[in-house]
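Visitor: I'm new to this one. Could you pick a single part and take me through it slowly?

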Amino acid sequence: MESFDQPSRHHLAVRMAELAREITVPRDLEQILADVTTAAVQLIPAADIAGVLLVKKGGEFDSLADTDSLVAQLDKLQHDFGEGPCHDAALSETIVRADDLRHEPRWPRYAPAAVERGVLSSLSFKLYTAERTAGALNLFSFKADAWDAEAETIGSVFAAHAAAAIMAGRHGEQMLSALSSRDRIGQAKGIIMERYGVDEVRAFELLRRLSQESQTELIDVAQRVIETRGT
C-alpha cells in the first residue's frame, strides 16, 4: 500500500487546520460535513466515495454529505437489512473495517448487495454525537484490501471533525431553544404580574404550580398563558 509522502502529509495538516477553523465559524452543518467527506476522499487514497450516516432514536436513518449517490443506496440497504458496517459503527463498534466484502460473513445480506454495486471494501468510524443520535463516517472502495493503518488513523481524525461539527450544530439548536423557552416564560410571567398584580417571584410560582397540577411542561403552561392574552 502506497504511503503518504511529505507533501501529502503537509497537505493533510493544512486541510485539518482548515476544517478545525470552519467548525468554529457558524456555517450550515451539511456543508461542514460535505467538506469532511470530500477531504476524506481526497486525502485517503483508497477511499472512492464517502458519507455520514446518522441513526436517530427509533431507528430512522439519515444520509448526509454523500460524495456519491451510491452512498445513500448503501445506507438504505443497511437500514432494510438491519446489518452492515455503517450500522455497526454507528450503534456499537468504534471502527468497522471490511477488507473484502466478497468474503464477509458478518453481513450475509448486505455484503453481496454491496458487491453487486461495485463496492468491495469499506471503513466506518463511530461518531460520538449524542445519546439520542448515533452516527458513523463511512468510506468505501471499489478495490479489495484497500485499507492500511494510515487510512484508519486519518479517517479517525476526520470522524472527530465530523462529530465536533454535529455536536456544535446541536448545541446551537439547543441554545436557540433555551432562549426561546426563556423568552416565553418571561412573557407569561409578565402577563400574570399585570393581570393579578403580583411580583415576579409569585408569578413564576404560579406557573410552576400550574405545571405540577396539570402534569404539563412549564414551557407549555407558559405558552397557554401567552395565548390567553387579550381574552
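Guide: Here is a close look at Asn138 and the residues around it. This is a predicted model, where local features need pLDDT of at least 70, side-chain atom pairs count only at pLDDT 80 or more, and totals for chains, interfaces and linings use all residues. Residues are numbered from 1 along each chain as its sequence is written, and side-chain values use heavy atoms, with hydrogens and water left out.

First, the setting: the protein chain has eight helices and five strands (DSSP runs numbered from the N terminus, helices being H or I with at least four residues, strands E with at least two). Asn138 sits in strand β5, which covers residues 133–141. Its relative accessible area is 0%, so Asn138 counts as buried (under 20% is buried, over 50% exposed, in between partly exposed, using a 1.4 Å probe and protein chains only). Across the 231 residues of the protein chain, 42% are buried.

So what does Asn138 touch? Skipping neighbours within four places in sequence, Asn138 is in contact (heavy atoms within 4.5 Å) with Ile49, Ala50, Gly51, Val52, Leu53, Cys86, Leu123 and Ser124. With Ser124 there's a side-chain to side-chain polar contact of 2.8 Å; that term means a pair of N or O atoms within 3.5 Å where, within protein, one must be able to donate a hydrogen and the other to accept it, and residues adjacent in sequence count only if both atoms are side-chain atoms. A polar atom of the Asn138 side chain also lies 3.3 Å from the backbone oxygen of Ala136.
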